[in-house]
There are 2 protein chains.
Amino acid sequence: MDEFELIKKITPSSLSHREVEIGIGDDAAVYESKAGYEEIVCVDTMVDGVHFLSSHSSPGDIGYKALAVNISDIAAMGGYPKFYLVSLAIPSGWNESAIETMYEEMNKLAKLYKMDLIGGDTVSTNGPLVITVTVIGEIEKGKVCLRSHAQPGDVVFVTGELGSSSAGLALLLEKISTKDEGLAQYLIERHKRPKPQIEAGLICSHYERVALNDISDGLANELNEIAVASRVSIDIYQNMIPKHAELHKLHTEWEKFVLFGGEDFELVGTISSQDWERFAQECADHQVSVTQIGQVSQESDIKVFLLSGQNRVPLEKKGYQHFK
Amino acid sequence: MDEFELIKKITPSSLSHREVEIGIGDDAAVYESKAGYEEIVCVDTMVDGVHFLSSHSSPGDIGYKALAVNISDIAAMGGYPKFYLVSLAIPSGWNESAIETMYEEMNKLAKLYKMDLIGGDTVSTNGPLVITVTVIGEIEKGKVCLRSHAQPGDVVFVTGELGSSSAGLALLLEKISTKDEGLAQYLIERHKRPKPQIEAGLICSHYERVALNDISDGLANELNEIAVASRVSIDIYQNMIPKHAELHKLHTEWEKFVLFGGEDFELVGTISSQDWERFAQECADHQVSVTQIGQVSQESDIKVFLLSGQNRVPLEKKGYQHFK
């Protein structure tokens with residue numbers, strides 16, 4: 001593959017952000033940030049065989065998801081994404097058109113948020129495809145939503161529904177099956193093309209003290225991160241957690257999808273109980289689905305508890321294990 | 001390897017930049033940029049077996065170089081580095097202490113420039129080690145040194161000496177040999193631990209119109225990039241190019257090291273002839289070695305020419321081929 005030709009093809013013909021002085025085409029990108037705003041930066045790496053299977057996902061799916069998971073990290077801070085840089089280690093088996101498709105699908109997703117591709121690197125590798133995306137976003141100064149913001153009495157909420165992505169993965173790997181093809185397609189799409197919750201995150205940033213995490217490694221894991229960072233205890237009600245109406249038909253242990261299955265890339269957070277109703281209304285006004293699933297308790301223990309009927313059991317940090 | 005433990009170990013106990021609101025430890029890093037400055041961002045990926053050989057370079061060497069090449073990109077814009085993020089795809093054969101050493105050596109280099117590690121990702125891979133570093137720097141608004149800045153009549157200069165890094169690589173791979181152990185050690189060090197030319201770049205940024213590139217892919221390649229970006233023609237004098245005094249003893253084709261051997265990570269640039277003397281003096285005052293090697297010609301052809309005795313031949317873009 002000719003790197004020079006590829007760069008020409010992927011270089012945007014115009015940029016959404018006029019504050020970019022130099023995008024692709026010099027040693028580095030140069031841009032001016034907005035006064036009164038802070039920069040948000042994150043990077044995530046995905047490896048073929050670990051985070052995705054190129055045998056099961058198209059180049060477009062892979063590109064989409066690599067960018068989406070980073071946009072989701074910006075959402076989890078309450079910010080808005082501006083720029084992205086893509087670094088690819090490409091095995092010899094991949095042809096030029098597959099790589100171009102990957103960039104095209106990233107570009108389509110990026111356009112939804114007016115994001116600009118401003119740099120990156122493409123190299124060859126003797127190993128599997130490795131894609132690393134860096135995303136830069138912004139947020140009004142002082143508005144960032146941190147994991148450490150939770151306080152006793154806060155309402156705990158999630159956006160959307162949980163467990164669909166990991167159920168989709170299980171279907172993809174034929175660990176479970178269903179005769180409902182429409183359902184299978186829907187769940188697999190949730191796994192391959194998660195939607196970053198930028199709008200929900202932006203609404204969160206309007207409130208004074210929201211703790212926020214995106215659900216990449218499963219609800220249990222993300223709640224424990226908030227509990228540890230905020231030094232609080234959290235109570236979650238099993239029957240309040242939103243999930244797809246058909247999920248329970250797929251597997252006897254479907255609740256594991258909901259609690260420990262990762263990659264839904266929904267947001268989980270806490271907000272003061274005084275703000276909750278106004279927040280829920282603002283979400284509804286913007287067609288953002290949000291559900292209360294529990295509250296931050298008054299206990300001094302730094303733990304997450306799952307309440308189900310008469311039971312109250314610790315919900316341990318147990319992450320998503322990909323293809324292990 | 002426990003990712004959580006690793007993150008704890010590599011998280012800096014204090015930061016040089018007080019404008020960082022959040023470093024490692026949430027979904028993304030958050031910082032405020034300085035008024036009147038622009039942000040500079042770059043990313044580079046290095047793969048074991050392609051950009052380095054873990055059989056020949058220590059984990060510390062690999063970490064050092066992965067960060068250094070990105071700092072060099074910031075230098076090539078005339079900027080100053082502030083932050084870095086490290087993404088690692090780690091094969092099962094690598095142990096925890098090797099990974100820690102890699103971060104420690106990056107940290108030592110970063111400290112020279114008061115840079116802070118503010119994020120990253122560590123994942124497992126079934127393939128070779130892949131390290132991707134993102135660096136964010138800054139530059140006073142309007143001072144950036146672009147490849148497109150060259151104009152007819154400009155002086156063409158380089159910092160330091162050229163060819164040492166690729167001679168070091170040839171020694172490392174036993175393609176050439178020398179009995180002078182001190183020389184061998186020096187050249188291999190130049191290959192493994194290139195010094196980013198931040199100070200030289202900063203001096204360049206003081207002048208109105210400097211075209212600048214770092215020499216990652218060889219002098220011929222970088223000069224052609226400047227010629228194309230600026231739509232100018234460049235004349236280079238072979239006997240003016242600075243190189244190590246002993247380089248010619250190593251191989252009959254030593255000039256290939258100088259012209260096409262990459263990874264010296266020196267800077268090559270152009271500056272108006274009116275500014276040249278003042279610039280050379282400022283470099284000398286700061287112990288920055290800089291040498292005139294030619295000039296931007298008045299010809300309309302977009303080409304680079306090498307002048308040697310009575311000969312004037314086009315110097316083609318011919319990049320560094322790593323281990324091919």
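User: Which residue of chain B forms a salt bridge with Asp27(A), and how far apart are the closest N and O atoms?
Analyst: The partner is Arg147(B), and the closest N and O atoms are 3.0 Å apart. Keep in mind that this is a predicted model, so the distance is computed from predicted coordinates.
User: How many salt bridges are there across the interface of chain B and chain A?
Analyst: The rule finds 6 salt bridges there. For polar contacts, it finds 18 residue pairs between chain B and chain A, with both residues at pLDDT 80 or more.
User: Which elements of chain B supply at least two residues each to the side that touches chain A?
Analyst: They are strands: β1 (20-22), β2 (29-31), β3 (37-47), β4 (80-91), β5 (116-125), β6 (130-140) and β8 (211-214) of chain B. The largest share of that side comes from β3(B), with 10 residues.
User: And what area is buried between the two chains?
Analyst: About 4200 Å² is buried between chain B and chain A, and carbon and sulfur atoms give 54% of that. In chain B, the residues that lose the most area to chain A are Asp26(B), Asp27(B) and Val41(B), together 15% of what that side buries. As for contacts, 51 residues of chain B touch 51 residues of chain A.
User: Let's look inside one chain. What domains does chain A have?
Analyst: The domain assignment gives domain 1 (3-140) and domain 2 (147-314). Their C-alpha centres lie 27 Å apart.
User: How many residues of each are in contact?
Analyst: In chain A, 22 residues of domain 1 are in contact with 19 residues of domain 2. The two domains bury about 1700 Å² between them, 59% of it on carbon and sulfur atoms. On the domain 1 side, His56(A), Tyr64(A) and Lys65(A) supply 29% of the area buried against domain 2, more than any other three residues.
User: How many salt bridges are there between those domains?
Analyst: The count is 4 between domain 1 and domain 2 of chain A. There are also 7 residue pairs in polar contact across that interface, both residues being at pLDDT 80 or more.
User: Which elements give two or more residues to the side of domain 1 that touches domain 2?
Analyst: In chain A, those are α2 (59-75) and β4 (80-91). The most come from α2(A), which gives 11 residues.
User: Changing topic: how many disulfides are there over all chains?
Analyst: The count is 0.
User: Is Cys283(A) buried or exposed?
Analyst: Cys283(A) is buried, with a relative accessible area of 2%. Cys283(B) is buried too, at 1%.
User: What about Cys204(A), which residues of α6(A) are buried along with it?
Analyst: Besides Cys204(A), the buried residues of α6(A) are Ile198(A), Ala200(A), Gly201(A), Ile203(A) and Ser205(A). Helix α6 (residues 198-205) of chain A is mostly covered, with 6 of its 8 residues buried.
User: Great, thanks for the tour!

Note on methods. Residues numbered from 1 in each chain as written. Chains lettered and ligands numbered in written order. Predicted model: local features only at pLDDT ≥ 70, side-chain atom pairs only at ≥ 80, totals over all residues. Heavy atoms only, no water. Buried < 20%, exposed > 50% of the residue type's maximum accessible area, 1.4 Å probe, protein only. Helix = DSSP H or I, 4+ residues; strand = E, 2+ residues; numbered from the N terminus. Disulfide = S-S within 2.5 Å. Domains from an automatic or database assignment. Contact = heavy atoms within 4.5 Å. Buried area = accessible area lost by both parts, 1.4 Å probe. Salt bridge = Lys/Arg side-chain N within 4 Å of Asp/Glu carboxyl O. Polar contact = N/O pair within 3.5 Å; in protein donor to acceptor, adjacent residues only side chain to side chain.
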